[in-house]
Amino acid sequence: MEEQGIALLIVVSVLTVVGIMGVAFAFSMYLETQASRHFVSANQARYLAEGGVQHAWALLDEDRLGSRVDDETEDWSTVTRGSDADVDGDGTRESTWWPVRAVDGDVVGHYALRIIDENSKVNLNTAQASPSASGFEQINLTTLLEHADIRDARKVAEAIEAYRYGPDE
């Protein structure tokens with residue numbers, strides 16, 4: 001009788017160990033599946049972002065073949081405008097979503113882009129109200145304000161300069 005009781009105890013112990021191993025294996029497979037999904041999602045996001053960068057490069061390459069002077073009516077500026085997405089985080093939606101489709105036509109993702117001409121910006125910290133004639137590439141703030149139809153452009157430029165440098169002491 002004692003041997004039959006021991007056999008039952010051994011069978012129950014083995015089944016318990018096998019059950020614990022089965023649960024551990026199932027949990028491990030669940031974690032592997034989650035890690036695989038995360039890996040796929042991260043790679044899809046990366047390639048979508050790279051696609052957006054390549055799209056912007058293509059627009060800029062097309063523009064490079066055109067005029068040497070940029071303006072806001074060229075494709076690199078107009079094609080990317082829209083009211084779908086806020087790409088620079090300022091709260092204004094200024095771009096459009098571009099869908100990315102699989103071979104079967106299903107949308108697998110989308111991206112938004114905005115190209116801004118940084119050369120058209122003026123650094124007011126270096127602009128001068130009346131730059132010297134010998135100054136290399138100095139920005140004449142008075143002329144800039146006159147072109148923007150600012151009344152009393154000279155006084156405004158001098159006021160900006162005075163504010164920038166502070167009072168003389």
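Helices here are DSSP runs of H or I with at least four residues, numbered from the N terminus. Keep in mind that this is a predicted model: local features need pLDDT of at least 70, side-chain atom pairs count only at pLDDT 80 or more, and totals for chains, interfaces and linings use all residues. Residues are numbered from 1 along each chain as its sequence is written, and side-chain values use heavy atoms, with hydrogens and water left out.

**Stop one: Val53.** Select Val53, which you will find in helix α1. Val53 has a relative accessible area of 44%, so it is partly exposed (between buried, under 20%, and exposed, over 50%, with a 1.4 Å probe and protein chains only).

**Stop two: the salt bridges.** The whole structure holds two of them, a salt bridge being a side-chain nitrogen of Lys or Arg within 4 Å of a carboxyl oxygen of Asp or Glu. Stay in helix α1 and pick Arg46 and Glu50, four residues apart, about one turn of the helix. Their side chains meet at 3.3 Å, N to O. Arg46 is partly exposed at 43% relative accessibility, and Glu50 is partly exposed at 36%.

Next, jump to helix α4 (residues 153–165), where Arg154 and Glu158 sit four residues apart, about one helical turn. This salt bridge spans 3.5 Å, N to O. Arg154 is partly exposed, with 40% relative accessibility, and Glu158 is partly exposed, with a relative accessible area of 40%.

**Stop three: a nonpolar patch.** Select Ile6, Ile10, Val14 and Val18, which make a nonpolar surface patch of about 370 Å². Ile10 has its place in helix α1. Patch residues have over 30% relative accessible area and no salt bridge, with nonpolar side chains joined within 5 Å; areas come from the Shrake-Rupley method with a 1.4 Å probe.

**Last stop: the largest pocket.** Show Leu60, Asp63, Arg64, Asp70, Trp76, Ile115, Ile116, Asp117 and Asn119, the residues that line the largest pocket. A pocket is an open set of points on a 1 Å grid where a 1.4 Å probe fits, with protein on both sides within 12 Å along at least five of seven lines; lining residues have an atom within 4 Å of a point. About 170 Å³ of space lies in this pocket, counted as the space filled by probe spheres set on the points. Which helix gives the most to the lining? Helix α1 (residues 2–64) does, with three residues. Colour the lining by type, and you get four nonpolar, one polar and four charged residues.

Notes:
Helix = DSSP H or I, 4+ residues; strand = E, 2+ residues; numbered from the N terminus. Nonpolar A, V, L, I, M, F, W, Y, C, P; charged D, E, K, R; others polar. Patch = residues over 30% accessible without salt bridge, like charges linked within 9 Å, V, L, I, M, F, W, Y side chains within 5 Å.
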